[in-house]
Amino acid sequence: MKLFVCNKALDRFRWLLLFIVFVIPQVSNAQWQAAVGAQSHDKGKQALSFLPNEMWIHAGDSVTWKIETDETHTVTFLVSGQTRPPFTVGCPGATPDDSNFDGSSCVNGGPQIKGQFFTVHFPIVGNFKLVCLVHANMSGVVHVLDPAEPLPHDQYFYDEQAADQRREMLRDRDQDHDVDHERHERFHEHEVATGAGEIVATPGGSSTISVVRFLHSPTVIHVGETVEWSNSNPTAPHTITFGAEPANLVVPSVNVKVDADGALHAVINSQTDSVHSGFIAAAPQERIGLAQAPLGFTRFRVTFTHPGIFNYLCALHDELGMVGKVIVLP
């Protein structure tokens with residue numbers, strides 16, 4: 001009877017040992033959650049941000065980022081010192097979901113929109129920069145610690161922090177497009193603010209609050225007058241596109257010229273004319289040790305020679321509702 005009891009206890013010990021060896025390590029590899037971007041109900045205000053943009057995890061853990069906006073984003077980890085590629089090129093291309101990132105080769109989820117996910121597994125200790133290839137000032141960091149070190153925060157903390165950051169950015173009165181509309185009404189009646197934006201930062205990285213609307217639209221003018229669009233967003237490009245959208249959105253259409261002050265200028269003679277501004281955007285932020293960037297094209301002008309209603313859009317953000325019209329009276 002004693003031998004039976006001893007054997008039974010030994011069997012339980014063996015099962016417990018197997019549980020410790022095989023199950024506990026799996027449980028300790030946590031799966032963390034984060035968000036990418038946030039938007040207002042009308043999609044007119046976009047928080048171009050990783051929420052949160054700084055996390056502490058253990059080696060062996062994974063993080064899943066969920067895209068929360070109709071604006072396109074990427075979840076990308078480049079190799080230190082790697083030249084930043086366009087989002088259409090990738091790092092190069094896209095890597096599979098749940099890829100490992102250890103700093104030796106880049107990991108990139110590719111362009112994604114609302115409802116999509118991308119998971120990255122972190123097998124080794126290190127501090128890794130997170131970027132969105134679509135938006136220049138959208139970055140974060142993942143601190144990967146040794147499993148023996150305690151973590152400063154849990155998932156609940158990150159969820160609360162993300163919610164706070166999302167709320168603060170989307171209610172930022174400095175970039176309220178209704179307030180901006182009232183402010184720009186006091187400007188020249190022929191001026192259209194092409195979006196607005198500002199860069200905000202935390203110790204983990206930077207984000208941009210971006211208004212994707214044409215402010216002061218519709219615009220009413222008379223034949224022979226000129227409308228000017230200006231983009232004050234520090235990072236986000238926009239286009240002013242009448243008629244057909246070209247295959248290459250970056251460059252202006254051939255009927256666009258450059259004025260003496262560096263602004264782009266076109267003439268529209270008919271409602272059937274197609275005119276495309278190309279990217280209207282500020283020059284990239286200067287960095288010590290790099291060549292100075294040339295001035296960007298931040299202003300676009302169109303002179304209208306005939307009456308009518310002329311509809312236009314931003315070819316990058318029309319699906320978010322960035323459209324406008326010019327009403328030309330005789």
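I count a contact when heavy atoms come within 4.5 Å. With that rule I looked up Gln33, which touches Met55, Thr64 and Gln155 once residues up to four places away in sequence are set aside.

**Ground rules**

I am working on a predicted model, where local features need pLDDT of at least 70, side-chain atom pairs count only at pLDDT 80 or more, and totals for chains, interfaces and linings use all residues. Residues are numbered from 1 along each chain as its sequence is written, and side-chain values use heavy atoms, with hydrogens and water left out.

**Entry: Gln33**

I take strands (E, at least two residues) and helices (H or I, at least four residues) as DSSP runs, numbered from the N terminus. Gln33 belongs to strand β1. Buried or exposed, I asked myself, or partly exposed? My cut-offs are under 20% relative accessible area for buried, over 50% for exposed, and partly exposed in between, with a 1.4 Å probe and protein chains only. Gln33 has 35% relative accessibility, so I put it down as partly exposed. I also checked Leu51: it is 18 residues from Gln33 in sequence, and the two C-alpha atoms are 9.6 Å apart.

**Entry: helix α3**

I went to α3 next, residues 155–170. Its 16 residues reach 22 Å from first C-alpha to last, close to the 22 Å expected at 1.5 Å a residue. (The expected span is 1.5 Å times one less than the number of residues.) Which residues of α3 are buried? I noted Tyr158, Ala162, Gln165 and Met169. Seen down the helix axis, the buried residues fall within an arc of 70°, so they line one face of α3. I take that arc from the directions running from the helix axis to the C-beta atoms. What do they pack against? I found β1 (31–39), β2 (45–51), β3 (54–58), β11 (191–202) and β12 (205–215).

**Entry: nonpolar cores**

I call a set of buried Ala, Val, Leu, Ile, Met, Phe, Trp, Tyr and Cys residues a nonpolar core if they are joined through side-chain atoms within 4.5 Å. The largest core has 25 residues, and those with the most contacts inside it are Phe50, Val63, Trp65, Val75, Phe77, Val120 and Phe122. Two or more residues each come from β1, β2, β3, β4 (62–67), β8 (117–121), β9 (126–131) and β10 (139–145). Apart from this core I found another, of 24 residues, among them Phe214, Ile221, Phe310 and Tyr312.

**Entry: cysteines**

How many disulfides are there? I require a pair of cysteine sulfur atoms within 2.5 Å, and the count comes to 1. The pair is Cys91 and Cys106, with sulfur atoms 2.3 Å apart. The link is right-handed, with 90° about the S-S bond. Cys91 lies in the loop between β5 (76–77) and β6 (99–100) and Cys106 in the loop between β6 and β7 (107–108), so the pair ties together parts 15 residues apart in sequence. Cys91 is buried at 5% relative accessible area, and Cys106 is buried at 13%. I looked at Cys132 too, which is buried at 0%. Cys314 also counts as buried, at 0%.

**Entry: an open sheet**

I say that two strands pair if DSSP finds at least two bridges between them. In what order do the 5 strands of the open sheet run? I wrote down β13-β21-β20-β15-β18, with mixed pairing. The edge strands are β13 (219–222) and β18 (275–276), each pairing on one side only. β13 pairs with β21 (residues 323–329) in the parallel sense over 4 bridges. Ile221 stands opposite Val328 in β21. I had already met Ile221 in the core of 24 residues.

5 of the 6 residues of β19 are buried, so I see it as largely enclosed by the rest of the structure. β14 (residues 226–230) joins β19 through 5 bridges and runs antiparallel to it, while β17 (residues 264–268) joins β19 through 5 bridges and runs parallel. Thr303 in β19 stands opposite Thr226, and Thr303 is also the bridge partner of Val267.

Last, I looked up Ala282, in the loop between β18 and β19 (299–304). At 33% relative accessibility Ala282 is partly exposed. Outside four places in sequence, Ala282 is in contact with Asn233, Pro234, Gly296 and Thr298. Its C-alpha is 9.7 Å from that of Pro294, 12 residues apart along the chain.

Definitions and conventions: The expected span of a helix is 1.5 Å times one less than its number of residues.
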